[in-house]
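Hello,

Here is the structure I promised to pass on. My notes follow below it.

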Amino acid sequence: MIRLHDYVLSASCYKVRLMAALLGVRLDLEAVDFHPGRAHKSLAFRQLNPAGTLPVMVVDDLVLTESTAMLVYLARLAGPEWLGPGTPQASAQVQQWLAFSGRLAASLGLARLHDMLLYTGDIEALRRDGHLALRELESALTECRFAGHDWLVGTAPTIADIACFPNVALSQDGGVTLDPYPAIRLWSRRVRSLDRFVEMPGIHRLHELRPAPAEA
Amino acid sequence: MTTRWIATGLSHDLPNGAVMAGQWQATELAVWRSATGKLAAWKDRCPHRGMRLSHGFVRGETLSCIYHGWVYGTDGGCKHIPAHPALTPPAAICAEGFACVEANGVLWLAPVGMAEDPPRLVDLRPVRTLSLTCDLATILGVEPALGGSDIIRGSVRIGGQDEEICLLVQPRPNGITFHALCSARADVVQVSRWLEALRRSAEEKVAA
């Protein structure tokens, strides 16, 4: 059984829930009162994760506190093709994007927490850093288009795409618009078009992929 | 403000069955393409509750508002209101239309009733759309080989070759957006990286 200590509005927690859903892996979710309860900072929770961050994944004796490591675990367990083609170049590129997703969390993610959950911080600097990261992503996806590829690494979606998607798709919650980034907009559509895609508050599915509801 | 065509995007960034936010001068628009490829552009405001229609979704030949699902046809008329399924919506419920045409891989917008066609761009192919936080004068100062106002053109040195560059200017509230094209033989990857270098130089000049 895979237990995930989870908060529904957290981009990092959603990253793991999305990956599990795409792989068809069942998670046992344990809701943590992140806001306003700050239960992730309690003594009991820090016994599990001294850093006091979410999500935390527990599988028997294995305790993971980094969401990108959880993606690796889930993909290795249930869908190794999500780890990428496996060449030295592709494996390094996947790692590069996993680290990059940390920069998205430290800019777009904190801007969102500032605007939504009253975090303190230099909001203008966070938004500026967020735009710099989005420009990098936009350029990479533009070069993917020139090469005829739809995804960050190789020709199929990988954990790199899933790691970067949540904080990008939620950027408008932190006052960062995606209007200047057409390649990101199309990539976001592709992620949301994946079979078994799941939503979170702020990231809706593509309604057009299902038939219109029948009239009563 | 003069009435003219303004580029709002490149064709490859609006596939069939998709909607995006566009702009004509200060007017925000929803630009969308139906499942069969028919283009339409309207003010970015649902006549019902004012929600941005660019947040909506395309199903077949209609665009639906994300808020209450009101369905509009490519002519802008409301076709269906889910909360009143038996009602035929009155003709007065209509999104406010703009002219939207596609030429040379570029999406152009103008108010309805423009007499002339959009500018013709021969022997050029679209590269990418790029937004900058500086003004046009700074760009032209950084790259003196470029000139123009709505359509910036010039021959610049990229990867050891002289390449024809064309930048279609879309003014934005906090800067400008370029829809960039280049000569057909140019290497688009090199041109894309050259554009990023131009942006970096211009923005750093403003910051200095």
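Is B:C78 buried or exposed? B:C78 counts as buried, at 7% relative accessibility. Buried means under 20% relative accessible area, exposed over 50%, and partly exposed in between (1.4 Å probe, protein chains only).

Some ground rules. This is a predicted model, where local features need pLDDT of at least 70, side-chain atom pairs count only at pLDDT 80 or more, and totals for chains, interfaces and linings use all residues. Residues are numbered from 1 along each chain as its sequence is written, chains are lettered from A and ligands numbered from 1 in the order written, and side-chain values use heavy atoms, without hydrogens and water.

Cysteines: there are 0 disulfides over all chains. A disulfide is a pair of cysteine sulfur atoms within 2.5 Å. The closest cysteine sulfur to that of B:C78 is in B:C46, 7.5 Å away, so too far for a bond. For A:C13 the closest is in A:C164, at 17 Å, again too far. A:C13 is buried, at 0%.

B:T133 sits in the loop between strand 11 and helix 1 of chain B. B:T133 is exposed, at 55%. Its contacts beyond four places in sequence (heavy atoms within 4.5 Å) are A:R135, B:N174, B:G175 and B:E203.

Best wishes

Note on methods:
Helix = DSSP H or I, 4+ residues; strand = E, 2+ residues; numbered from the N terminus.
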